[in-house]
Amino acid sequence: MLSLPVLAQVVVNGVNLGAIYILMALGFTMIFGIMRIVNFAHGAFAMLGGFALYFLLMDAHVPFLLALPLGALLVGAGSLLAERFVLRHLYHNELQGMIATLGLSMVMIYLAAIVFGVSQRSVPAVYSEIFFFGPLVVPMDRLVVLGIAAVTLLLFFLFMRYTKPGLAMRVAAQDLEVAEAQGINAAAHYQAAFFIASSLAALAGGLIGQLYALSPFMGATPLMKSFIVVILGGLGSIPGAALGGLLLGMAESSLTTFFGASTAQLASFGIVMLVLVLRPQGLFGHAERDS
Amino acid sequence: MTARPAMTAAAADNRGSRFSASHMSAVAVIVVMAAWPGAIASSESFLLYVGTLVVLYSVGAMSLHLVFRMGQVSFAHAAFLGIGGYTSALLLTGSGLSWPLAFCASGLVSGLFGLLLGPIVLRLRGVYFVLFTFILCEFAERVFTDWGSLTNGAGGVAGIPAPPAFSSPVSFYYLCLGVAVLCALICRGVLKSDVGEAIDAIRTSESLAESNGVPVFRIKVAIFAISCLLVGFQGALQASFVHYISPASYTFDESLRFVVMNVIGGMNSLWGPVLGSVFIIALPELLRNWVEYQWVLYGVVLVLAMRYLPGGLYELGERASALLRKGGA
């Protein structure tokens, strides 16, 4: 069973899953780091991203490679409404902010259920080719997912590392008071951060809708995975989210291959619990301050 | 994450007269709840059903209030509700144990799990505690589903009997009411005792409490275990009320419901979770005419409440009574 092709397959699947998890978790961890809000609506934005892609492809006949980013940006723009009317008043108020995002996510999910219906749909496969690299089987759509995720993540890291707004966001995440003392306009960066975070989630939602299925309730699982990823990586840590996502993807892929899906689920919960017990601040995070 | 004590000025002013007022409202609530079946007996069993649910959920919500008072928000309460539910359901249907014994066992087993898991969970604080308890809740649901040989998996356990002496809906309602009043007395006793003061100290500043000689960690674990014990009782009652349980009865939505009851009701008083359970159970029923939009409206109410009423319904009541007093004077 433990042969080279199997291992390679595990790696390919793991990296694929990991890429999607990273896309989800980055926005989640960013919103927490900058605004101190546990955004329970993050999964609902992913769901909207899935539907945006679906309608752009099916009704507007936009080509896939354009529809995917376009859908993500549309959802990101829509998320600014939620920022304006719900979240803006609750920044740095962890408990109330969390409950409000739960309410927000309910509104989004059940409105989607009314508008789109509850039946599952799927985004039709755009790429059906399958590649054989020696003994390795790689469907084209997985390669595309990987490519898109890689490009997005690269852009994201470049933005955060080398641009002024990116720097400002990192400063605001690290210490808000210092950021404001340096003349950083926090409100504007909150909006920008929320826009980016929701767009990333929507992009992940589109990819999930393509690889798996689309329904108003599809956001729950990716939300859960982002929780696990940020716990592994440390809340608020962007490199932590990247490493945590990859780790979770690989772990799930290998455990599923060797022990079956249900054991893999239990084991990944177990691993997270272990990490939390041994290193409560996550693998790469800082300890929560006593408030 | 700390639950902020947002005592209103009016509440602080009326500290002296509050105890008697609080006693009076407690008596009033119990009288109303006791008269509930009589008042509606002629009309519908549906209202009795809703009333029973309200009383049942107030048990779990009050038990979670204890954890809230320590400044922690737990999303794992559905797991302990489930442990209680499965314990009594399996004992009743499997071994034919008598109902009172199964009932006691359900609380004890759930409390024992709280005692075992508490030392692990309570090492975490703030958001990590929230996320971990969330994962714990999902984990428990998986175990209920996957451990088929014990729990019968996703099929659930059917035919859970009600206690023989309380088999009519009205008498079962009174049984639940009795348990809820007992639970309220226990919670109140804890909060009014020295331990209660220690809890408030822990919420305000854990390190300060620690340096003043409060055995912080031991108190936290003990309170957590008591909270799990109480919600376990709700699990047993609920299983006998519905006669059927499955992993789907103990999803994250249940945990969420307990948390929302506390937040909407108000976190600074034991009245909060009681008001919250009335509101949260009754609200979807009130919205029944707009079945389609029921959950959307529920979400809207949550968002609005967080924005305009961060102190919950309890604060609203306090504000109203302060206004009334001002008008009267």
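Is the crossing of α1(A) and α5(A) left-handed or right-handed? In this predicted model, the crossing is left-handed. Helix α1 of chain A spans residues 4–35, and helix α5 of chain A spans residues 140–162. Their axes come within 9 Å and cross at roughly 40°. From α1(A), the contact draws on A:Val15, A:Asn16, A:Ala19, A:Ile20, A:Ile22, A:Leu23 and A:Leu26. From α5(A), the contributors are A:Arg142, A:Val145, A:Leu146, A:Ala149, A:Thr152, A:Leu153 and A:Phe156. By class, the residues of this contact are eleven nonpolar, two polar and one charged.

Chain A as a whole comprises eleven helices and two strands. Read from the N terminus, its elements follow the order α-α-α-α-β-β-α-α-α-α-α-α-α. The radius of gyration of chain A is 19 Å, close to the 19 Å given by the globule rule for 291 residues, so chain A is as compact as a globular protein of that length. Along the principal axes, the C-alpha atoms of chain A fill a box of roughly 60 × 50 × 35 Å. Buried residues make up 49% of the 291 in chain A. Contacts in chain A with a separation of 6 or more were also examined by sequence distance. Of these, 74% join residues 24 or more positions apart.

Helix α8 of chain A covers residues 186–211. This helix of 26 residues reaches 37 Å from its first C-alpha to its last.

In chain B, helix α5 (residues 99–121) packs against helix α11 (residues 216–242). The angle is about 145°, and the axes lie 7 Å apart. The crossing of α5(B) and α11(B) is right-handed. Residues of α5(B) in this contact include B:Ala102, B:Phe103, B:Ser106, B:Gly107 and B:Val109. Among those of α11(B) are B:Val221, B:Phe224, B:Ala225, B:Cys228, B:Val231 and B:Phe233. The residues of the contact divide into 14 nonpolar and nine polar, with no charged.

B:Val231 was considered individually. This residue lies in helix α11 of chain B. Why does B:Val231 count as buried? B:Val231 is buried because 31 other C-beta atoms lie within 10 Å, and the cut-off for burial is 20 or more. Leaving aside residues up to four places away in sequence, B:Val231 touches B:Gly60, B:Ser63, B:His77, B:Phe80, B:Leu81, B:Gly84 and B:Ser110. B:Leu313 is 82 residues from B:Val231 in sequence. Their C-alpha atoms are 23 Å apart in space.

The contact between the chains takes 33 residues from chain A and 36 residues from chain B. On the side of chain A that touches chain B, α4 (94–116), α9 (220–233) and α11 (261–278) each supply at least two residues. The largest share of that side, 13 residues, comes from α4(A). By class, the residues on the side of chain A that touches chain B are 24 nonpolar, six polar and three charged.

Notes
Residues numbered from 1 in each chain as written. Chains lettered and ligands numbered in written order. Predicted model: local features only at pLDDT ≥ 70, side-chain atom pairs only at ≥ 80, totals over all residues. Contact = placed C-beta atoms within 7 Å. Helix = DSSP H or I, 4+ residues; strand = E, 2+ residues; numbered from the N terminus. Nonpolar A, V, L, I, M, F, W, Y, C, P; charged D, E, K, R; others polar. Rg over C-alpha atoms; globule rule 2.2 N^0.38 Å. Buried ≥ 20, exposed ≤ 12 C-beta atoms within 10 Å, placed from the backbone. Axes fitted to C-alpha atoms, helices over the stretch in contact; angles between N-to-C directions. Left-handed = near helix turned anticlockwise from the far one by under 90°. Expected span 1.5 Å × (residues − 1).
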